[in-house]
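Here are my notes on the model, as numbered points. Please read them with the structure open beside you.

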Amino acid sequence: MNSTTSSFPHFTLLTKANWVRFNRILAWAMVITPLLQFFIRANLAHALLVDFGLLLAHGILSLILFGIPKVKRQKFTFSMHVLGFRWHVLSPRNEFLLTGYRMAQALSALPLLFIPGVRWLALLLFYPSLRMPVSFIQHLYRAIAFAFQRWGIKYLDAGLFVCIYLFFFIANLLRA
């Protein structure tokens, strides 16, 4: 029997692995932008718009690719999925997803403040909004630590990179 198969390597751009790689590129772009913005003396308003665009693209793509954090044997937990509380022990991956999910919750509360009839819904998301700076730092630290682990780098501390990021972010705000 003679079968004809193509020996040409089949490559598809729209695979989940490539979308994950693109999402990581977006995340690293967000980490590097304060440093670049500081050295090129970027206009703060334009820089914040670029950062917000990267944040939205990364956040939406992350929700599509990885979904929401999950608790074993439970599909939906009101305290975690609506209020942002963590009452259950989560895996490191779901703990990482929860920090990003809390930021998404906080950002989704902002438009609710401008809609007259549903401002009370923003109160449901008060905890994630209040906790957003802490969630951001935790998410950034864990993302860098996971990247170092994935790359096999044991001698660098993710906390150092978080401090460098925060230094340049605050320096950009003060310079403006």
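1. Start at the N-terminal end of H2. Asn43 caps it, with a side-chain oxygen 3.3 Å from the backbone nitrogen of Ala45. That is a polar contact (a pair of N or O atoms within 3.5 Å; within protein, one must be able to donate a hydrogen and the other to accept it, and residues adjacent in sequence count only if both atoms are side-chain atoms). Helices (H or I, at least four residues) and strands (E, at least two) are DSSP runs, numbered from the N terminus.

2. A word on the source. This is a predicted model, in which local features need pLDDT of at least 70 and side-chain atom pairs count only at pLDDT 80 or more, while totals for chains, interfaces and linings use all residues. Residues are numbered from 1 along each chain as its sequence is written, and side-chain values use heavy atoms, with hydrogens and water left out.

3. Check the length of H2. Helix H2 covers residues 44–66, which is 23 residues. The expected span is 1.5 Å times one less than the number of residues. So H2 should span 33 Å, and its end C-alpha atoms are 32 Å apart, which agrees.

4. Which residues of H2 are buried? They are Ala47, Asp51, Leu54, His58, Leu61, Ser62 and Leu65. Buried means under 20% relative accessible area, exposed over 50%, and partly exposed in between (1.4 Å probe, protein chains only). An α-helix has 3.6 residues a turn, so residues three or four places apart point the same way. The buried residues of H2 pack against helix H1 (16–39) and helix H7 (132–151).

5. Now look at both sides of H2. Arg41 lies in the loop between H1 and H2. Its phi is near 55°, a positive value in a residue other than glycine. Most residues other than glycine have a negative phi. Arg41 counts as exposed because its relative accessible area is 62%. Just after H2, Gly67 also has a positive phi, of about 75°.

6. Move on to H4 and H7. The axes of helix H4 (residues 92–112) and H7 come within 9 Å and cross at roughly 140°. Axes are lines fitted to C-alpha atoms, for helices over the stretch in contact, and angles run from 0 to 180 degrees between N-to-C directions. Contact means heavy atoms within 4.5 Å. On the H4 side, the contact includes Phe96, Thr99, Gly100 and Met103. On the H7 side, Phe136, His139 and Phe146 are among the residues involved.

7. Follow one residue of that contact. His139 is in helix H7. Is His139 buried or exposed? It counts as buried, because its relative accessibility is 15%. The side chain of His139 reaches the backbone nitrogen of Gly100 at 3.4 Å. Leaving out residues up to four places away in sequence, His139 touches His58, Phe96, Thr99, Gly100 and Met103.

8. Leu123 is found in helix H5 (residues 119–124). It counts as exposed because its relative accessibility is 64%. Leu123 and Thr99 are 24 residues apart in sequence and 19 Å apart in space, C-alpha to C-alpha.

9. Finish with the whole chain. The protein chain has eight helices and zero strands. Its C-alpha trace spans about 70 × 45 × 35 Å along the principal axes. Of its 176 residues, 32% count as buried. Among contacts with a separation of 6 or more, 59% come from residues 24 or more positions apart.
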